Amino acid sequence: MTPETATTKVRSISRITVLLAGVACALALSNVIMATLVMRQRTEAVLVPTMTSDMSLMSGSPSGPYMEMLTRDVASLFLNRHPNNTDYFQENVLRIVDSSVYAEMEQELRAMREERIHTRTSTVFHPIEIFTDPTEGYSEITGVLQTRVGDQQVAEDTRTYAARWNIEGLSVRLLDFAEIDRDDSRAREHRIRS
């Protein structure tokens with residue numbers, strides 16, 4: 001091989017090496033850019049359980065309609081109770097409870113279960129209005145609660161319940177569900193301001 005031929009081959013190999021290095025750098029840069037875009041993109045999951053239409057939940061805060069459906073379902077689980085179905089409701093409530101209050105909620109539900117069986121008390125709740133504040137992880141439901149002991153209805157009154165939620169990414173978990181005074185209702189404050 002002559003020195004001129006060798007020099008030409010070396011130059012050719014050098015050009016190919018530089019070209020391949022350039023392509024590798026471009027691919028690495030494009031991978032970094034795509035990874036950054038994917039990480040900045042909001043996560044979204046399609047949710048359908050008991051919904052009247054398809055809904056989606058983006059990381060950060062759930063939509064008002066989704067919070068409304070959650071509140072309706074939680075109220076139904078807590079307030080439509082009969083001594084014969086307490087195990088079913090307890091099991092389903094505990095599925096949506098946040099882990100930070102799980103043990104406390106389980107103990108409270110067990111006490112409620114024993115009281116219902118002992119007193120033969122059942123309740124039926126008819127929702128009237130639901131208020132949600134997804135950014136605060138808060139919702140309220142107002143409705144008529146009918147209470148029966150055995151076969152006899154002993155009470156029927158309008159009550160308001162508040163639910164507090166722990167929202168982390170795509171997870172919405174129940175922290176608390178309790179009756180509140182209607183004067184403390186955020187829905188009432190919202191109506192007054194509007």
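Predicted model: local features only at pLDDT ≥ 70, side-chain atom pairs only at ≥ 80, totals over all residues.
β4 pairs with β3 in the antiparallel sense through twelve bridges, and S122 stands opposite R148 of β4. Twelve bridges also join β4 to β5, again in an antiparallel arrangement; here V144 has T158 in β5 as its bridge partner.

Both pairings are hairpins. Four residues separate β3 from β4, and G137 in that turn has a positive phi of about 65 degrees. Two residues lie between β4 and β5, where G150 in the turn likewise has a positive phi of about 65 degrees.

## The four-stranded sheet

The open sheet consists of four strands in the order β3-β4-β5-β6, with antiparallel pairing. Because β3 (121–133) and β6 (171–180) stand at the edges with a single partner strand each, one side of each has no neighbour in the sheet. On average, neighbouring strands are turned by 25 degrees against each other, direction ignored.

Strand β5, residues 152–168, pairs with β6 in the antiparallel sense over nine bridges. Within this pairing, W165 has L174 in β6 as its bridge partner.

## Helix α2 across the sheet

Helix α2, residues 64–79, lies across β3, β4 (138–149), β5 and β6. The helix runs at about 165 degrees to β3.

## A nonpolar surface patch

L19, V23 and L27 form a nonpolar patch on the surface, and their accessible area together is about 290 Å². V23 belongs to helix α1, which covers residues 3–40. With a relative accessible area of 43%, V23 is partly exposed.

Terms used
Residues numbered from 1 in each chain as written. Heavy atoms only, no water. Pairing = 2+ DSSP bridges. Axes fitted to C-alpha atoms, helices over the stretch in contact; angles between N-to-C directions. Contact = heavy atoms within 4.5 Å. Patch = residues over 30% accessible without salt bridge, like charges linked within 9 Å, V, L, I, M, F, W, Y side chains within 5 Å. Areas by Shrake-Rupley, 256 points an atom, 1.4 Å probe, with all protein chains shown as cover. Salt bridge = Lys/Arg side-chain N within 4 Å of Asp/Glu carboxyl O. Buried < 20%, exposed > 50% of the residue type's maximum accessible area, 1.4 Å probe, protein only.
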